Amino acid sequence: MEGIEGLSLNNDSGYGDNATETVAASYSNILKQIGEDPTRDGLQNTPLRAAKAISFFTNGYHKTLQQVVGDAVFEEDTDEMVVVKDIDFFSLCEHHLIPFNGKVSIGYMPRGKVLGLSKLARIVEMFSRRLQVQERLTREIAEAVWEAISPAGVGVVVEACHMCMVMRGVQKINSTTITTSMRGVIKENPQTRAEFLSLVNK
């Protein structure tokens, strides 16, 4: 299939060919509007590359919790806290479509079921690859773990740097934002909450 400016499209993006061509055409128009020439050597393939990139950055819209978790829920007779720290992520701020990135730490108190550890990272990936605000991202991760295994408690801490504060606006390059979301005993029991936060902050 031929795309804009005679570029050939393939199916390695998250869109179908028609959607990829439409998004690429929009990027081509943006380049024109800012005073660039999308037909010059350095930019000829940029609209298509950008269309494929935004498809990858937002492919979380095409995934569900059931698909991500699969059969990686295991019966296990344990009630001790499980914590996975410093899961890297990147996302796009829905206000400016500018990246923010950082680390997610997740803890939960099992109640007869545990989740495959890699699935925690997959949950983070699914929700971060959508247009986001950090507060909602944090809550959605906690709710997903809660839904997946019905634990006694869940805690999520997200620490991120927002390029919308670095590249524009106040332009504060060293600022970070920390958000938390708690459920069950990790929220309600001060001792359990303190244990979770101490493990995350080690």
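Residues are numbered from 1 along each chain as its sequence is written, and side-chain values use heavy atoms, leaving out hydrogens and water. Because this is a predicted model, local features need pLDDT of at least 70 and side-chain atom pairs count only at pLDDT 80 or more, while totals for chains, interfaces and linings use all residues.

**View 1. The buried face of helix α8.** Helix α8 covers residues 190-200 (helices are DSSP runs of H or I, at least four residues, and strands are runs of E, at least two, numbered from the N terminus). Here T192, F196 and V200 are buried (under 20% relative accessible area; exposed is over 50%, partly exposed in between, with a 1.4 Å probe and protein chains only). Looking down the axis of α8, the buried residues fall within an arc of 75°, so they line one face (the arc uses directions from the helix axis to the C-beta atoms). An α-helix has 3.6 residues a turn, so residues three or four places apart point the same way. Over on the other side of α8, P190 and Q191 are exposed.

**View 2. What α8 packs against.** Its buried residues sit against strands β2, β3, β6 and β7, plus helix α7 (contact means heavy atoms within 4.5 Å).

**View 3. S128 in helix α4.** S128 belongs to α4, residues 117-128, and is buried, at 3% relative accessible area. Setting aside neighbours within four places in sequence, S128 touches residues including F57, F90 and L137. F57, by comparison, is partly exposed, at 31%, and lies in helix α2.
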